[in-house]
Amino acid sequence: MYALLRQLLFLLPPEEAHAFSMRMLERITHLSVAERFFLNRTHLQGKPYEVFGLKFPNKIGMAAGFDKNAHYLKQLALLGFGHAEVGTVTPMPQPGNEKPRLFRLTSDKALINRMGFNNNGVKAIRGRLEMWRRNTAHTPFENFIVGGNIGKNKNTPNEDAGRDYKICFTELAETVDYFTVNISSPNTPGLRQLQTKEGIESIFYPLQEQNAALKNPRPLLLKIAPDLSEEDLFAVVEAALSLRLSGIVISNTTLSREGLRSSAKYTSEAGGLSGKPLFDLSTSTLKKVVRYAGTDIGVIGSGGIMTPEDAVKKTEAGASLIQLYTGFIYAGPSLVKGIHTALEEMG
């Protein structure tokens, strides 16, 4: 059924297809009979799993970028996800890069995006999350885990980036369950230059100071790129370990275009590549981090999960949790169900 729907959605530009499909799902699930149907079907699938000091309803999450402004948390829970990262959130609203900025590479089961942290800004998103918390208290959704993926505004110079992350942390601290610091998007000029020991420390030291003052400190995670050299990767992991971060999300999109089969019309577009071609690179990066850090830091495996077998491979490589995005676009809700079954069979 989704295969037919996907054919229709793929007739639309990618951003329009995403907005249209989520609006339709939102309207459908506002009907109580539809909500009961989804709840009975998923029963918030999977087994609870504790990591980062949090109890996740299951191991499957939606990666940042899908629900930038915290509009669709209920819908993601009804589809069987156990957590989602909202954002990337920046202090001030920003429109992102000029359109078109999202491209389908159907022959490769991939996407290229250069969205540029388009979002409503941290105050608007905080308000939406406060409403989410109020409305889901004492409901089947209250245990759904929400991560705040935070970044800097495009016009903020790197030397002032720590200020932007601190603003986002302060605004969202009481509304999210954990934070992921995004310094690995290729679509904000200069952002990846912060993936150094000094850059990471300049951002996390102020956050840790604020975090320690909270009644319930939030787990702090770092999201990294898959394109780091081995030397730079180990330096980043060493910084994360020395800072005693709760986890690393591996990985963001890649700038590589190696082995693509799609038309050069699309493969030559600037931006980060996600989907099937990212799987081997991101999984290799994950294995290196796990080999280096052992069990001293938790890992979320993201990047190129297109099948239940891919999810199993990420888990076997050392991922505590996994996150989807592009695979969900191509395979639809059946992918979530299939992954739950595959992970349960793993034991």
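Biologist: How many bridges join strand β10 to β12, and what makes two strands a pair?
Modeller: Four bridges join strand β10 (residues 247-250) to β12, and the two run parallel. Two strands pair if DSSP finds at least two bridges between them, so β10 and β12, with four bridges, count as a pair. One example is I248, which stands opposite V299 in β12. This is a predicted model, in which local features need pLDDT of at least 70 and side-chain atom pairs count only at pLDDT 80 or more, while totals for chains, interfaces and linings use all residues. Residues are numbered from 1 along each chain as its sequence is written, and side-chain values use heavy atoms, with hydrogens and water left out.

Biologist: Which strand is joined to β12 by three bridges?
Modeller: That is β13 (residues 321-324), which runs parallel to β12; here L321 is the bridge partner of I300, and Q323 is the bridge partner of S302. Both names come from DSSP runs numbered from the N terminus, where a strand (E) has at least two residues and a helix (H or I) at least four.

Biologist: What makes the unit of β12, helix α11 and β13 right-handed?
Modeller: A crossover is right-handed if, with the strands pointing away from the viewer, the path from the first strand over the helix to the second runs clockwise. The β-α-β unit made by β12, α11 (residues 308-316) and β13 is right-handed, so its path runs clockwise in that view.

Biologist: Where does β12 stand in the barrel?
Modeller: Eight strands close into the barrel in the order β3-β4-β7-β8-β9-β10-β12-β13, with parallel pairing, so β12 stands between β10 and β13.
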